[in-house]
Amino acid sequence: MQGGQLAFDEYGQPFIILKDQSTKSRLSGLEAQKSHILAARSVAQCLKSSLGPKGLDKIMVSPDGEITVTNDGATILDKMDVEHQIAKLMVQLSKSQDDEIGDGTTGVVVLAGALLEQAEVLLERGIHPIRIADGYENAARVAVDHLDKIAETFPVDKTNTEPLIKTAMTTLGSKIVNRCGRKFAEMAVDAILSVADLERKDVSFDLIKIECKTGGNLEDSQLVKGVIIDKTMSHSQMPKELKDVKLAILTCAFEPPKPKTKHNLNVESVEDYEKLHAYEQECFIKMINQIKESGATLAICQWGFDDEANHLCLQNELPAVRWVGGPEIELIAIATGGRIVPRFSELTSEKLGSAGSVREIGFGTTKDRMLVIEDCKNTRAVTLFLRGSNQMIVQEAKRSIWDAMCVIRNLVRDNRIVYGGGSNEIACAIAVNDQADKIPTIEQYAMRAFADALESVPMALAENSGLHPFSTLADVKSRQIKENNPRLGIDCMDKGTSDMKEQHVIETLIGKKQQIMLATQLVRMILKIDDVRSPGESE
C-alpha cells in the first residue's frame, strides 16, 4: 500500500498508519469553506472594477516582461499567476464562459464571487451547505425562467444591420476601442454576416482571419473581402499587383526530387558538377512549365525554394509567394475556390483558384509589406485587418472585436435578447425574492441570498460609473416594481434615462442564461467541499 501501512492493535482490529502525516496540511469543516470563499472573493474583487463601460483596465506583466493591458475578464485571469485551488476554478469558470459565449467573462466571475460572499453569511448562521446549494439551484431556475419571460426577439437581417451594430457597440463600450466603436461594430457585423449561414443558423469562424499590424491608427483598421497574408512576392522585381489571377496552391517542395534512402553523391570533377547543375535547372524549368501549362499566373507555395528557382521563376514571368503557412494556405484555397495540390504532376486547370486582384501593400517608411488577395471566387472568406500605435493596443483591439463577433454569432444562433445595464439582474432578483416568500423550507434564505448576489452586478456598474451604488440601485429597483418595467437599469453613461431600450444597451439571452447557470454550478461545487488535504512544507 502506497502512502500508508496496515497494522493491528492488541485486539486484532486493523488500522492504517499514514506516512508523512506531520508534513501535510489539512483544512476541514467551516474553516475549509471559509478559506475557499475568501480565495474566490479575492479573484472576483480583482475583476469587479473592470465591469461595465466605465470599468478600469488592468496591466499584466508576464515573467519575461511582456505587458498586457486589458479589461477582458478571461484575459486578466489567464495572465494571473494563481496558486489556490479554488481560485483556479474561478479562472476556469471565466474560460468556460469565453469558450461558449465569448462575452460576459467579467460578469460571471463577479456573480460567482457575490454568491459565495452571501453563502458565507448563511454558513455562519448554521445553515447546512447542501441546503444553501439547493436553494441556489432553485433560485437559478427561477431567474432563468424569468429571463425567458422578459426576453424580446431580435431581427437578424442582412438588409437591416443597424440593430446588430448597436448590439456590437454595447459589447465594445467597455473596451479600449470604444472611441471608434461604431467602425469596429460595423466590421464585426459585416464579417459575421459574410460567413453566416442564416438558414442553418450557423457561423464558421474558420472563414474569418484576423491580421494585426502595429503602426497607424485604430481608424485605419478595415475589413477585407478576401485574404491578407504577411508575405511578399519571392523576388523584388516581380510585379507588385496582378489582375484576374489564377492561383496554383502548392504544398510540394520546389526542388529536385531526392531518393528516399540514405545516399551519398560524390562530385569528383567540374563536368560532374555541371551535369548536376544542368539536372537541377532542368527539374526547375520542368516544374515551372507544368505550372504555366495549367494556366496559373501566380504560384503560392507552402515551402521555400532557393535563389536558383526564384531567378528562374522571374525569368519565366511566373510570380511566386513562398513560405505560406498551413492555415493560410487552406484559407486561400477556400477563398479562391482552388484545390491544394501536393504534386506537380497532379496540377490541372480545374484545380486553380481565381481572384480579381493580388497586390502588395506597404506601411509608412518601413520595409514591411503584406499581400492582399481580393475579389475572390468565394466571397464568404474575409480578413479583419487591425492597426494600432503599439502591440498592446492592437492585441486589445483583436480581443475586443473577437468578443463583438461572438455576440453577433450568438444572435444568429438564438435571436432573443435582454436589456443590459444591470436591468435583467434587478428584474431576476425581484422575481427570485417573490418566489422565496412562497417557499416554506429553509431554502428560502438561500434564495434571498441569491437575489442579493444578483444585485451586486448593477451595484458594481454604478460604483464603477462614479454613482452612489446603494441609492442608485434602490431607486432603479423601486421604479422597476412600480412601473413593472424590466428594462430599467443603471445609467452608466449619464444619458438622462434609465431605460436600456432607449439607450440600446442589449445583451444576448443565451449569454446571460449561461452566466447564471455556470456561476451557480461552480458555487454549488465549492460549497460541497469541506475537507482539503495538501502536501505541506517539510521541515
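Predicted model: local features only at pLDDT ≥ 70, side-chain atom pairs only at ≥ 80, totals over all residues.
Is Cys 180 buried or exposed, going by its relative accessibility? At 8% relative accessibility, Cys 180 counts as buried.

View 1. Cys 180 takes part in no disulfide, and the nearest cysteine sulfur, belonging to Cys 212, is 14 Å away. Cys 406 is likewise in no disulfide. For Cys 406 the nearest cysteine sulfur is again that of Cys 212, here 15 Å away. Cys 406 is buried, its relative accessible area being 2%. If you widen the view to the whole structure, a search there finds zero disulfides.

**View 2. Helix α7 and its covered residues.** Helix α7 runs over residues 181-195 and has 15 residues. From the first C-alpha to the last, α7 reaches 21 Å, close to the 21 Å expected at 1.5 Å a residue. The helix is mostly covered, with eleven of its 15 residues buried. Among them are Gly 181, Phe 184, Ala 185, Met 187 and Ala 188. Further along the helix, the buried residues include Val 189, Ala 191, Ile 192, Leu 193, Ser 194 and Val 195. As a reminder for reading this view, an α-helix has 3.6 residues a turn, so residues three or four places apart point the same way.

View 3. Glu 162 and Arg 182 meet through their side chains in a salt bridge, at 2.8 Å from N to O. The pair links distant parts of the chain, with Glu 162 in helix α6 (residues 162-172) and Arg 182 in helix α7, 20 residues apart. Glu 162 is partly exposed, at a relative accessible area of 27%. Arg 182 is partly exposed too, with a value of 35%.

View 4. Lys 209 and Glu 328 form a salt bridge in which the closest N and O atoms are 3.3 Å apart. Glu 328 sits in helix α10 and Lys 209 in strand β9 (residues 208-214), so to speak two distant parts of the chain, 119 residues apart. Glu 328 counts as buried at 16% relative accessibility. Lys 209 counts as buried as well, at 13%.

View 5. Arg 487 pairs with Asp 499 in a salt bridge, their closest N and O atoms being 3.5 Å apart. Both residues belong to the loop between α15 (469-483) and α16 (500-503), and they are twelve residues apart. Arg 487 counts as partly exposed at 25% relative accessibility, whereas Asp 499 counts as buried at 9%. A network of salt bridges links Asp 148, Asp 414, Arg 416 and Lys 513. The count of salt bridges comes to 31.

View 6. Arg 387 lies in strand β18, which covers residues 382-388. A polar atom of the Arg 387 side chain does lie 2.7 Å from the backbone oxygen of Gly 215. Residues that Arg 387 touches include Lys 213, Thr 214, Gly 215, Gly 216, Asn 217 and Leu 218. Asp 220, Ser 221, Phe 363 and Val 394 are also among its contacts.

View 7. Ala 248 is found in strand β12 (residues 241-250). This alanine counts as buried, at 0% relative accessibility. Ala 248 touches several residues, including Ile 291, Ala 296, Leu 298, Ala 299 and Ile 300. Leu 347 and Leu 352 are also among those that Ala 248 touches. Asp 244 lies in strand β12 too, but Asp 244 is exposed, with a relative accessible area of 64%. Asp 244 has a positive phi of about 45° although it is not a glycine.

**View 8. Trp 323 and its positive phi.** Where is Trp 323 placed? Trp 323 is in the loop between β14 (320-321) and α10 (326-336). Its phi is near 55°, a positive value in a residue other than glycine. For context, most residues other than glycine have a negative phi.

Methods. Residues numbered from 1 in each chain as written. Heavy atoms only, no water. Helix = DSSP H or I, 4+ residues; strand = E, 2+ residues; numbered from the N terminus. Polar contact = N/O pair within 3.5 Å; in protein donor to acceptor, adjacent residues only side chain to side chain. Contact = heavy atoms within 4.5 Å. Expected span 1.5 Å × (residues − 1). Buried < 20%, exposed > 50% of the residue type's maximum accessible area, 1.4 Å probe, protein only. Disulfide = S-S within 2.5 Å. Salt bridge = Lys/Arg side-chain N within 4 Å of Asp/Glu carboxyl O.
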